[in-house]
2 protein chains.
Amino acid sequence: MTLPKIRLRQYLPILDWAPKYDRDTATSDLVAAVIVTIMLIPQSLAYALLAGLPPEMGLYASILPLVAYAIFGTSRALAVGPVAVVSLMTAAAIGNLGLTDPAQIAIAAGTLAFISGVMLTVMGVLKLGALANFLSHPVIAGFITASGVLIAASQLKHIFGVKVSGHTLPEVLGSLLENQGDTNVITLFIGVSATAFLFWVRKGLKPLLISTGMKPRLADILAKAGPVGAVVVTTLATWGFGLADKGVSIVGSVPMGLPPLTMPSLSPDLWSQLFLSALLISIIGFVESVSVAQTLAAKKRQRIVPDQELIGLGTSNIAAAISGGYPVTGGFARSVVNFDAGAETPAAGAFTAVGILFAALLLTPLIYFLPTATLAATIIVAVLSLVDFSILFKAWSYSKVDFAAVAATIVLTLGFGVEIGVSAGVLISIGLHLYKTSRPHIAEEGLVPGTQHFRNIHRHKVETFAHAVTLRIDESLYFANARFLEDYILDRVARDKALRHVVLHCAAVNEIDMSALETLEEVNRRLRETGISLHLSEVKGPVMDRLKRSHFLDDLSGSVFLSQYDAWQALKADGRADPEATERLAAQ
Amino acid sequence: MTLPKIRLRQYLPILDWAPKYDRDTATSDLVAAVIVTIMLIPQSLAYALLAGLPPEMGLYASILPLVAYAIFGTSRALAVGPVAVVSLMTAAAIGNLGLTDPAQIAIAAGTLAFISGVMLTVMGVLKLGALANFLSHPVIAGFITASGVLIAASQLKHIFGVKVSGHTLPEVLGSLLENQGDTNVITLFIGVSATAFLFWVRKGLKPLLISTGMKPRLADILAKAGPVGAVVVTTLATWGFGLADKGVSIVGSVPMGLPPLTMPSLSPDLWSQLFLSALLISIIGFVESVSVAQTLAAKKRQRIVPDQELIGLGTSNIAAAISGGYPVTGGFARSVVNFDAGAETPAAGAFTAVGILFAALLLTPLIYFLPTATLAATIIVAVLSLVDFSILFKAWSYSKVDFAAVAATIVLTLGFGVEIGVSAGVLISIGLHLYKTSRPHIAEEGLVPGTQHFRNIHRHKVETFAHAVTLRIDESLYFANARFLEDYILDRVARDKALRHVVLHCAAVNEIDMSALETLEEVNRRLRETGISLHLSEVKGPVMDRLKRSHFLDDLSGSVFLSQYDAWQALKADGRADPEATERLAAQ
C-alpha cells in the first residue's frame with residue numbers, strides 16, 4: 001500500500017524534510033528565526049493597528065499560523081504572518097460591516113481569517129491554484145503600489161495624532177485636512193523623527209556600519225533591527241517624560257499570556273457579508289505569497305507546489321482564526337530576510353512562532369508606553385518600498401492595453417478602496433484580453449518569389465493570384481472573434497468579383513471552438529453560393545482531430561492542404577485551367 | 001465639402017437606396033408588405049399578450065419602429081417589430097418591478113424600450129457592435145431553445161383558461177398543476193383546436209394546396225395567412241355562440257386610432273431597476289436581428305453594417321418608446337417571409353407600418369371577441385420552431401467545453417428565468433474560454449530525420465539533443481497562462497540536470513502580454529542562474545516589434561532564431577563543442 005503514503009506525503013510536506021532534519025539545519029533555522037522574530041514583533045503590532053485591531057491580535061496571528069504553515073507549506077523560506085496589504089484589506093472588510101463593539105470586531109476578523117482559510121484549503125484540495133493567474137502582473141503591481149499609498153496615507157493619523165476616517169485616498173486626505181487643527185505636536189515630533197530614523201536605518205545604516213569595519217552580515221542584521229531600536233527609544237521617552245498624559249497615543253495594556261482559543265462566528269449573515277472580501281483576501285494573499293515563495297525556491301533550484309501552498313496558507317488562516325488572530329499570508333520582505341538569514345526548512349517558521357510566543361507571554365508589559373506613532377512610522381517606511389509607479393511607464397511603452405489595466409487599477413484602488421480596485425483590475429484584465437483577441441490579426445499572404453515561404457502582401461514583395469486569396473489568421477478562433485473573421489472574409493470577397501478561391505492559412509490557429517466552427521460552416525456555405533471554394537492549409541493536429549468529428553470537412557467546398565505551398569501549387573494549376581481568370585483580372 | 005455628406009450617408013442608409021427607388025422596386029416592396037402585414041397583425045397582438053401588455057401595444061410597436069428602421073437600418077429585408085424572445089424578456093423585466101397598475105406597466109415597458117434604444121444607439125455610434133460577439137453561438141442556441149420552451153409553457157395558461165404565475169419552468173408548471181381544477185373546457189377546446197390547426201397549416205397546407213394545382217408562391221402565402229384564418233374563425237365562433245359569457249377569455253376592447261404619443265419615464269430609480277434588463281434585451285435583440293439580417297443579405301451578396309444596425313434598432317426602440325410600443329427587434333421568421341415575398345428595400349417595412357396603422361385605425365373593433373387562447377396557440381406554434389435540443393448533441397460530440405456552456409444556459413434559463421440564463425451563459429462562455437487558454441498545449445519537439453521539420457517527440461520518431469530541449473507553445477502568452485508556462489519550463493529543467501539550452505518555438509504565439517513578458521524575463525533569469533540559456537525561434541513580426549520595445553532581448557541569455565532549424569543547427573554545433581555534454585548524459 002504505497003499509494004496512501006504518497007498521498008499523505010503530498011498533503012504533508014513536513015514528511016519530506018523532518019526525517020532528515022539534523023543539527024546543522026537546526027542551527028541555520030534557529031539563527032534565521034531569531035532575526036525574523038526581532039523584525040516581526042514590531043511589525044505584527046503595527047499591522048494589527050493598520051487592520052484596526054488590538055495589537056495582541058498581531059502577535060497571536062504570528063504564532064499558531066506559522067506552525068500550521070511549517071507542517072503544510074512547501075516553501076523552505078516563506079515567512080507567514082500578518083502583512084500590510086492583507087491587513088489593509090481586513091480593515092476595509094471589517095469597515096464595511098459598520099461594527100463598533102471591539103469584541104465583535106475581533107470575532108469578525110477571526111471569522112474573515114476562517115472563511116479565507118477554508119476557501120484556500122478547498123481551492124488547494126481541488127487544485128484550483130491556477131485561478132490566481134487571472135490577476136495579471138501589471139494589475140497586481142498597480143494594486144500593490146496603490147495599496148502602499150493608501151496604507152501610508154491611513155497611517156498619517158497616528159503621526160499627526162488626529163482622528164481620521166475613510167478607506168479611500170480622497171476620504172483619508174480630506175478627513176486629515178479637516179482635523180489637522182487637532183494635531184498633537186509631541187506625537188507629530190515622535191512620528192516624524194521615527195519615520196526619518198527608519199528611512200535612514202534602511203538606506204544609510206548598513207553602509208555606515210560596514211565602513212566602520214563591521215562584517216556585512218552583522219551590519220545587515222543590525223539594520224533589520226532598526227525598528228526595534230525606534231520602539232525601545234520612543235517607548236522609554238514616552239514613559240520617562242510622561243508623554244501619554246500630554247496626549248501622545250500609546251499602545252496601552254496588552255494582555256499577557258498564551259493566545260486565546262477563539263471560535264469563528266458561523267452566522268450565515270456574517271459569512272455572506274464577508275464572503276467577497278475573504279475571496280479577494282485569499283487571492284491577493286495567495287498571489288503575493290506564491291510569487292515570493294517561487295522566487296526564493298528558484299534561487300536554490302527548488303520547486304514549490306502552488307496547490308499545496310493553498311493548503312499551507314489555508315490551514316495557517318484557520319489556525320489564526322482559532323487562536324485570536326486575523327488573516328495572514330506569506331510576507332515579501334520578511335520572507336527575503338528569512339531566506340537571507342539562512343532558513344533552510346519551514347522549521348525556521350516554527351522557531352519564530354516560539355519567539356513570538358515568548359514575547360506574548362513576557363514582553364507585553366514593556367510595550368505599554370509604545371507610541372502608536374512609532375508603529376505608524378514602521379508601517380509607512382515598510383510600505384513605501386512597495387510603491388513603484390514605474391510600472392505605469394513600463395506598461396505604457398510595452399502595451400497600451402496593459403497600461404490601461406494598470407492605470408485603472410491604481411486610480412480605482414486609490415479612489416474607491418482596495419476591494420473595488422482589485423475586482424476592477426481582474427475584470428479589466430479579462431475584458432481587455434477578450435477585446436484584443438476579438439479582433440485577430442489577419443494577413444493577406446503571397447508567395448515570396450523563388451521560395452516556399454508566404455508573407456503579408458502589404459509588407460513584402462510577393463506573388464499573388466487574381467482568382468485566389470490566402471488569409472493567414474493569427475489567433476485561435478472562438479466565439480469572440482468568429483464574427484470578425486466572417487465579416488473580414490465576406491467583406492474581402494464582396495470587394496473582388498474575380499475571386500474563386502479563399503485559402504485560410506491556419507498555422508497559428510490553436511483552437512476552433514463551436515461558435516467558430518459554425519461561422520466557418522456559414523462562410524463555406526455563403527462562399528459556395530457565390531461560386532467560391534473555401535480551402536484550409538496547415539491545420540494543426542488537435543484542431544484537425546476535432547474538425548473531423550463535425551460535418552465541416554464533408555461539406556467543405558475546397559480542400560485541406562498540408563502546407564500552404566501545396567495549396568499554392570494546386571490553385572496555380574486551377575488558375576491556368578481557368579480561361580476567364582485573366583480576363584476578369586484585366587476587366588478590373 | 002464631401003466629408004459631411006459621406007458621414008450623413010453612413011448614418012442614413014436610406015440615402016443609398018431612396019434616390020434610385022422606382023416603380024418596379026415599389027411593387028416588389030408592396031407585395032412583401034401586404035404579406036408581412038397579414039402575418040404581423042395576429043403576431044403583434046399575441047406577443048404583447050406574452051409580454052404581459054395590452055394588445056394594442058403590440059400594434060403600436062409595429063408602426064413607428066418600422067419607419068425608423070427603414071430610415072436608419074442597413075438590411076434590405078429585416079422585418080422589425082415585436083418578437084417572441086424579447087417579449088418574454090420584457091415580461092421578466094417588468095415582472096421584477098412588482099407593478100400592478102396597468103398604466104404604470106405600460107410606462108415601464110415604454111421606458112424599457114427607450115433605455116434599450118439609447119443603449120443600442122450609443123453602442124452603434126461608438127462602434128461597439130463587437131460586444132455582441134461575447135455571446136457564443138452554442139450559448140445563443142441554448143438560450144433560444146430554452147426561451148422557446150419557457151414561452152410555450154407560459155402560454156398554456158391561456159389554452160387552459162387558468163391563472164398561472166412565475167417566470168421559470170418549475171414555477172409555471174407548478175402553478176399550472178395547482179390551478180388545473182379551474183380549467184375552462186370551452187377555452188381548452190378552442191386552444192387545442194387552434195394549435196392543431198396551426199401546426200397542420202404549417203406542415204400540411206402548402207403541400208395540399210400545391211397538389212390541387214395551385215402555384216407554389218400563392219400556396220405559400222395562403223399558408224402564411226393560416227393564423228389569420230384561425231383568428232377569424234375563433235372570433236366569429238366566440239361572438240356567434242356567446243362564448244365570452246361562458247368563461248372564454250377574450251381580447252376585449254382595443255382602442256381605435258393612431259398610436260398615442262408617449263413619454264418614457266425619466267425616474268433614475270426606474271432606470272436603475274431596468275438597466276440590466278435593457279442591456280440583456282439590447283444584446284439578445286441585436287444578436288438575433290444581425291444574424292438573420294446577415295444571412296439574408298449574403299443570399300444577394302449584399303453586406304449589412306453591424307454598427308449601423310445598432311443605430312437602426314436603437315432608433316426603432318426609441319420610436320417604440322414614444323409611440324406607445326415596447327421593445328422591438330428584427331424577427332427571424334418574419335424577415336425570412338419578407339425576403340421570400342420579394343422585399344427589395346427597407347421601404348417594405350414602411351409599407352408594412354402603413355398596413356398595421358390601417359389595422360389600428362379601423363380593425364380593432366373586429367377583434368373584440370378574439371379568444372386569447374387563439375393568440376396563445378399562435379405563439380406556441382411559432383416558438384416551438386425555435387426549440388432545437390439537437391444543439392446539445394452537436395456540442396457534446398464536438399467539444400465538452402461548449403457542451404457545458406449550452407447545458408448550463410438551458411438549465412439556468414429554464415430553472416431561473418431568461419435574465420439569469422443569458423447572463424450565466426455569457427459568464428460561463430468567457431470563464432471556460434479563459435480556463436482553456438490558461439493551460440496551453442506545449443509540445444516537446446525534435447527534428448524529423450532528413451527534413452527541416454520539427455514534431456512532437458511523443459507522437460513522432462524524431463532526433464533530440466541531451467543538452468537542449470525545444471518546447472513549442474501552441475497559444476498566445478498572456479496573464480492567465482504565463483505562470484503555467486513558467487511552471488512547465490522550470491519543472492522540465494528541474495527534472496533534467498544535463499540541460500544547457502531551452503528553445504521556445506514561438507510560431508503559434510500571436511501575442512505576449514506584459515505579464516507573460518515578465519514571466520519570460522523571470523524564466524530567463526532563473527535559467528541563467530542555473531547555467532541554462534533561453535532561446536526563442538520563429539517569433540512573429542508584431543510580437544518581435546513589441547519585444548524590441550522592452551529590455552527582454554538585451555537580457556536574453558540565448559539567441560532569437562529566425563527558424564527552428566537555425567536553432568537546431570546552432571545548438572548542434574554547441575553540443576559538439578561541449579565535451580561534458582555526453583559525459584553528463586552518460587552519468588544520468
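**Reading the model step by step**

Modeller: Let's start with A:K127, which is partly exposed, with a relative accessible area of 45%. Keep in mind that this is a predicted model.

Colleague: Where does A:K127 sit in chain A?

Modeller: A:K127 belongs to the loop between α7 (102-125) and α8 (137-160) of chain A. Its phi is near 55°, a positive value in a residue other than glycine. A:E538 is another case: its phi is about 55°, again positive, and it is not a glycine. You'll find A:E538 in the loop between β7 (533-537) and α23 (541-548) of chain A.

Colleague: How do I read a helix by its buried side?

Modeller: Here's the general idea: an α-helix has 3.6 residues a turn, so residues three or four places apart point the same way. Now take helix α15 (residues 332-340) of chain A, where A:R334, A:S335, A:V337, A:N338 and A:F339 are buried. Their cover includes α3 (23-50), α11 (216-224) and α13 (268-299) of chain A. In chain B, look at helix α5 (residues 64-72): its buried residues are B:P65, B:L66, B:A68, B:Y69 and B:A70. Among the elements covering them are α4 (55-60), α14 (306-322) and α16 (347-363) of chain B.

Colleague: Let me try one helix residue by residue. Is A:T195 buried or exposed?

Modeller: A:T195 counts as buried, because its relative accessibility is 14%. It is in helix α10 (residues 185-211) of chain A. A polar atom of the A:T195 side chain lies 2.7 Å from the backbone oxygen of A:G191. Setting aside neighbours within four places in sequence, A:T195 is in contact with A:I159, A:A377, A:I380 and A:V381.

Colleague: What about A:S211, buried or exposed?

Modeller: A:S211 is exposed, at 59% relative accessibility. A:S211 is found in helix α10 of chain A too. The side chain of A:S211 has a polar atom 2.6 Å from the backbone oxygen of A:L208. For a sense of distance, A:S211 and A:Y565 are 354 residues apart in sequence and 69 Å apart in space, C-alpha to C-alpha.

Colleague: Next topic: which residues touch the most other members of the largest nonpolar core?

Modeller: Those are A:V502, A:L504 and A:I512, in a core of 137 residues. Helix α13 (residues 268-299) of chain B gives the largest share of this core, 13 residues. Apart from it there is another core, of 136 residues, which includes A:I63, A:Y69, A:V86 and A:V287. Zoom in on A:L504: leaving out neighbours within four places in sequence, its contacts include A:L471, A:I489, A:L534 and A:S537.

Colleague: Last one: how do I describe the way two chains are arranged?

Modeller: In general, two copies of a chain are related by a rotation about an axis and a shift along it. Here, chain B can be laid on chain A by a turn of 179° and a shift of 0.0 Å along the axis, with an RMSD of 0.2 Å. That is the relation of a two-fold axis. The same surface serves both copies, since 99% of the contact residues of chain B recur in chain A.

Colleague: And which residue of chain B comes closest to the rotation axis?

Modeller: B:A508, whose C-alpha is at 2.2 Å from the axis.

Key. Residues are numbered from 1 along each chain as its sequence is written. Chains are lettered from A and ligands numbered from 1 in the order in which they are written. This is a predicted model: local features need pLDDT of at least 70, side-chain atom pairs count only at pLDDT 80 or more; totals for chains, interfaces and linings use all residues. Side-chain values use heavy atoms; hydrogens and water are left out. A nonpolar core is a set of buried Ala, Val, Leu, Ile, Met, Phe, Trp, Tyr and Cys residues joined through side-chain atoms within 4.5 Å. Buried means under 20% relative accessible area, exposed over 50%, partly exposed in between (1.4 Å probe, protein chains only). Helices (H or I, at least four residues) and strands (E, at least two) are DSSP runs, numbered from the N terminus. Contact means heavy atoms within 4.5 Å. Copies are superposed by least squares on the C-alpha atoms of residues with pLDDT of at least 70 in both. A polar contact is a pair of N or O atoms within 3.5 Å; within protein, one must be able to donate a hydrogen and the other to accept it, and residues adjacent in sequence count only if both atoms are side-chain atoms.
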